[in-house]
Amino acid sequence: MYDAKAYSAASATSPLARATIPRRDPRDRDVKLEILYCGICHSDLHVVRNEWSNTVYPIVPGHEIVGRVVEVGAAVTKFKRGDLAAVGCLVGSDGTCAECKDGFEQFCPNLTLTFNSPDAQLGGTTYGGYSDSIVVDERFVLRVPPNLELASTAPLLCAGITTYSPLRHWGVTKGKKVGVVGLGGLGHMGVKFAHAFGAHVVVFTTSPKKKDDALRLGADEIVVSRDAVEMGRHLGSFDFILDTVSADHDVGAYLELLRRDGNLTLVGAPPKPLAVAAFGLIMRRRSLSGSNIGGLAETQEMLDFCGEHELTADVEVIPIQKVNEAYERLLGSKVKYRFSIDMASLKAE
Ligand SMILES: NC(=O)c1ccc[n+]([C@@H]2O[C@H](COP(=O)([O-])OP(=O)(O)OC[C@H]3O[C@@H](n4cnc5c(N)ncnc54)[C@H](OP(=O)(O)O)[C@@H]3O)[C@@H](O)[C@H]2O)c1
Ligand SMILES: [Zn+2]
Ligand SMILES: [Zn+2]
């Protein structure tokens, strides 16, 4: 065991502050990463503030991690010292259940999340990426394409895979009309991927000022969702809608925009239940579903796709000392479009 530097919160109302946390020494199959960048996901904020009512304190969030390998266990085959590597939302699963066998580790009943999960090795809970280093079983460590800029690659590990996976699953390709609701960290990646897959992309936003950005990111049209006339123009026309909204909103208004057999997938995780009118689904045989990040093989596939297409997140790089301010801006939808923490700022403390 060794001491690592981190930022942690002591309660739902405490700011994130400098802390020292224990990390395990690498075992045979472990990789130790020096963390270079970590993205800030809205899930970090939900958990730090106990909005999903399952937070164990102190909490160290962060699951969009890129770094350099500084040590490997004797049995590690995928990585060597000096390699770039990445860790997303998962650091463990049983590897034996039907979900794991099918490559859906994110649905494993015994999965270990990167933070706020029971830590089988050290006891207590797992600590995430707002830290200078992390030790992870190589099965959960991803390869980073060498041509990508690291600060903007970090958000691919959650915002990237969480949007890539459902777009692929629901067959988003050329000729499909696809909506992305909410232009935040997830939403802007959804727009980039849907555009790269050849779809006609419509962004729904509550922020009219994001129009030019949406078009630059790959949207073909933008709809201000509070404008009923604009919404009405799209009734019954979408093949697929990806809803990334982090707060309470009228999901029924988007179901009405789906064509026959259209699907709306929720990836946003508002703390309160959403209201759904039965007729919103019954008519036109529409469906409503959800999606949770992605499995390891698909996450690697997504990273490789991003390498081939030079596709990364739009980030604002911040020192870790600005993390509490960043949370307030995230809550106000005032980030273009993901914060990425430069971990050199933590090492310097
Ligand atoms: N399913 C998964 O695996 C998974 C993975 C990661 C994150 N998540 C969840 O996905 C959600 C989004 O995460 P994120 O990091 O992308 O957050 P984010 O950057 O804050 O983006 C959320 C966007 O939702 C829109 N929005 C916010 N409040 C709204 C409101 N009251 N009404 C309507 N629209 C609103 C805003 O877009 P506009 O300004 O364009 O309206 C905002 O930019 C969070 O709930 C997070 O926990 C789920
Ligand atoms: Zn996330
Ligand atoms: Zn499993």
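His-63 is buried, as is Cys-158; buried means under 20% relative accessible area, exposed over 50% and partly exposed in between (1.4 Å probe, protein chains only). The model is predicted: local features need pLDDT of at least 70, side-chain atom pairs count only at pLDDT 80 or more, and totals for chains, interfaces and linings use all residues. Residues are numbered from 1 along each chain as its sequence is written, chains are lettered from A and ligands numbered from 1 in the order in which they are written, and side-chain values use heavy atoms, with hydrogens and water left out.

**Zinc site**

- Cys-41 (SG), His-63 (NE2) and Cys-158 (SG) coordinate the zinc ion (ligand 2) at 2.0 to 2.2 Å.
- His-63, in the loop between helix 1 (42–48) and strand 4 (65–72), and Cys-158, in the loop between helix 3 (150–153) and helix 4, link distant parts of the chain, 95 residues apart.
- Donors are N, O and S atoms within 2.8 Å of the metal (3.2 Å for Na, K and Ca); water is not among the atoms, so sites may look incomplete.

**Helix 3**

- Ser-152 lies in helix 3; helices (H or I, at least four residues) and strands (E, at least two) are DSSP runs, numbered from the N terminus.
- Ser-152 counts as buried because its relative accessibility is 5%.
- Beyond its neighbours within four places in sequence, Ser-152 is in contact with Thr-312, Ala-313 and Val-315, where contact means heavy atoms within 4.5 Å.

**Helix 4**

- Helix 4 (residues 159–169) has 9 of its 11 residues buried, including Tyr-164 and Leu-167.
- Just after helix 4, Gly-171 adopts a positive phi of about 65°.
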